Amino acid sequence: MNALRLYARYVGLSWRAQLQYRASFALQTLGTALLSVVDFLAIWVLFDRFKRIAGWSLAEVAVFYGTANIAWSLAEGIGRGFDDFGSVVKRGDFDRLLLRPRSTVLQLLGREFTLRRIGRIGQGAAVLAWGWRSLGLGWDAARLGLWLLAVAGGVALFEGILILQATLAFWTIESLEVMNTLTYGGVQTVQYPLAIYPGWLRRFFLLVVPLGCVAYFPVVRLLGRTDPLGAPAWLGWAGPFAGFLFLGVALRAWRFGIRHYTSTGS
Amino acid sequence: MKPLLAIFGARFRLLLQYRAAAWAGVVTQVFFGAVITAALSAFYAGAGDARQPLLLSQVVTYVWLGQAFFSLLPWRTDPEVREQVVSGGLAYELLRPVDLYALWFARALALKTAPVLLRALPLFVVAGLFLGLRRPASLEAALLWPLAVAGAVALSSAFMVLMNLSLLWSVSADGIHYLVPVLVMLLSGQLLPLPLFPEWFKPVLLVLPFRGLMDTPHRVWLGDLSGAAAAYALAHQWLWLVALIALGRHLLARGLRRVVIQGG
């Protein structure tokens, strides 16, 4: 069985398992959706009072917000196995994964594809669609292509962060809460245009964790604006590849981590 | 009273042990605070301070106070109480010659003080030195603030007991765990300083109990609530505290009538 088909089997199993508890599933989906609705409500409240943020309108921010949130929710849903990896190491379950003749990455990705993130994806999509329409961005193929590329790059980048977090668990035996600053904190940051932030924060999210490359430059470009900080327009198409690069580096680190893995023995 | 103090003390000391978790929390809170204050500064930069209900420096201080007291909010049910309800250990609690409501309240009180202290102190130092957290506006503010914080802690504990009580009806508490944080985040001022909300919504915020958890102590610190307004806000906290405790006691009495301990 090739890897893709095996992955599809894994995902199917995981979804069926999650749908066994229908009421709980509905409640959790509703809960995640509600939380993100409130999240955007706070942004709306600020725009209601201040009208603009550094020259950007609410509709423009909605496109940033939707893109970042869709990418993160997808990545979180896909990469649940890595997010939760600390407990796998702690219980010694990773030994079993190593015994199977399949890649560990595939098996961990197959552990769970969290369905309830759909609540947040739906909310992100609604916000995005509203912003897109009010700006009259239309169905331009290049624009849609650029957006898809940005989301793909975003998913790759967030997946990379989750894999790095899991890699650290080889040494710490625990999922580090501090990594949340990169995931949740990252989303929180790039739901506004990166240009509004002080220099150290911008540099961090461009050079260390290149979230700005995947969720800022492409969106600036597809909004038809120029970067207030003077970044060239080609970065819009080139930026998302930083996400793939980051994922590649994270996978290298993962392989390095596996070689240094010692079982907890439990 | 003595056994309750003992329970509070034991749990308080236990919770003070979780220092690594507290440090991780501090780092996370500093980061989020930095992002939120940066965004608010950008909003203010375009609009000018003067016409807003709070100055930018006040809003920044408000946000840092919120980050420092993040774990004060009633986020979830007491995990150990949940364990007791699930495992049937509740029976032992009922056998103790201590009022169960008071017992849960004392536990909640410890849960809402020890972790808060561990996180708030370093945050006050970092944000005070480097990140724009200002001192209390006046001597009056500095003296009233501890009172407002005490009210917030008591109110949060009463909320937590109510959340615990929901376990007597639904063991999973899924609904509570998803719904309550959303309401608390939005209506307490943790997500966004309440003075920045639209004017037409403020009367609602003013009446609801949630502002007593965060907004009241923060604005006392800022001197934004002083004199009669401060007295009214503190009274608001205590009125809600009494109401929530009365509701909690009533629910506990009803819940215990239908509770079934599985033998074994």
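In contact here means that the C-beta atoms of two residues, placed from the backbone, lie within 7 Å. (Nonpolar covers Ala, Val, Leu, Ile, Met, Phe, Trp, Tyr, Cys and Pro; charged covers Asp, Glu, Lys and Arg; the others, Gly among them, are polar.)

A word on what you are looking at: this is a predicted model, where local features need pLDDT of at least 70 and side-chain atom pairs count only at pLDDT 80 or more, while totals for chains, interfaces and linings use all residues. Residues are numbered from 1 along each chain as its sequence is written, and chains are lettered from A and ligands numbered from 1 in the order in which they are written. Helices (H or I, at least four residues) and strands (E, at least two) are DSSP runs, numbered from the N terminus.

Now turn the view to look along the pair. The axes of helix 2 of chain A and helix 9 of chain B (residues 174-188) come within 9 Å and cross at roughly 5°. (Axes are lines fitted to C-alpha atoms, for helices over the stretch in contact, and angles run from 0 to 180 degrees between N-to-C directions.) That angle is why the two count as roughly parallel. The cut-offs: under 35 degrees is roughly parallel, over 145 roughly antiparallel, 65 to 115 roughly perpendicular, and the rest oblique.

**Next stop: the whole contact between the chains**

How many residues does each chain bring to the contact? Chain A puts in 29 residues and chain B 27 residues. On the chain A side, the elements that give two or more residues are helix 2 (22-50) and helix 10 (180-190). Helix 2 of chain A gives the most to that side, with 14 residues. By class, the chain A side has 17 nonpolar, 8 polar and 4 charged residues.

Select A:Lys51, which sits in the loop between helix 2 and helix 3 (58-78) of chain A. Its phi is positive, about 70°, although A:Lys51 is not a glycine. Buried or exposed? A:Lys51 counts as exposed because it has 12 C-beta neighbours inside 10 Å. (The rule: 20 or more other C-beta atoms within 10 Å is buried, 12 or fewer is exposed, and in between is partly exposed, with C-beta atoms placed from the backbone.)

A:Ala54 belongs to that loop between helix 2 and helix 3 of chain A too. A:Ala54 is not a glycine either, yet has a positive phi of about 45°. With 16 C-beta neighbours inside 10 Å, A:Ala54 counts as partly exposed.

**Next stop: helix 3 against helix 9**

Stay in chain A and show helix 3 and helix 9, whose axes come within 8 Å and cross at roughly 45°. The two helices are therefore oblique to each other. To see the contact, pick residues including A:Ala71, A:Trp72 and A:Ile78 of helix 3, and A:Trp147, A:Val155 and A:Phe158 of helix 9. This contact has 13 nonpolar, 2 polar and 1 charged residues.

**Next stop: helix 9 against helix 15**

Residues to click include A:Ala156, A:Leu157 and A:Phe170 on helix 9, and A:Phe244, A:Leu247 and A:Trp254 on helix 15. The class count is 14 nonpolar, 6 polar and 1 charged.

A:Glu174 lies in the loop between helix 9 (141-172) and helix 10 of chain A. With 15 other C-beta atoms within 10 Å, A:Glu174 is partly exposed. Leaving aside neighbours within four places in sequence, A:Glu174 is in contact with A:Gly86 and A:Ala169.

**Last stop: zoom out**

Show all of chain A: there are 15 helices and 0 strands. Its C-alpha atoms fill a box of roughly 55 × 40 × 35 Å, taken along the principal axes. Of its 266 residues, 44% count as buried.
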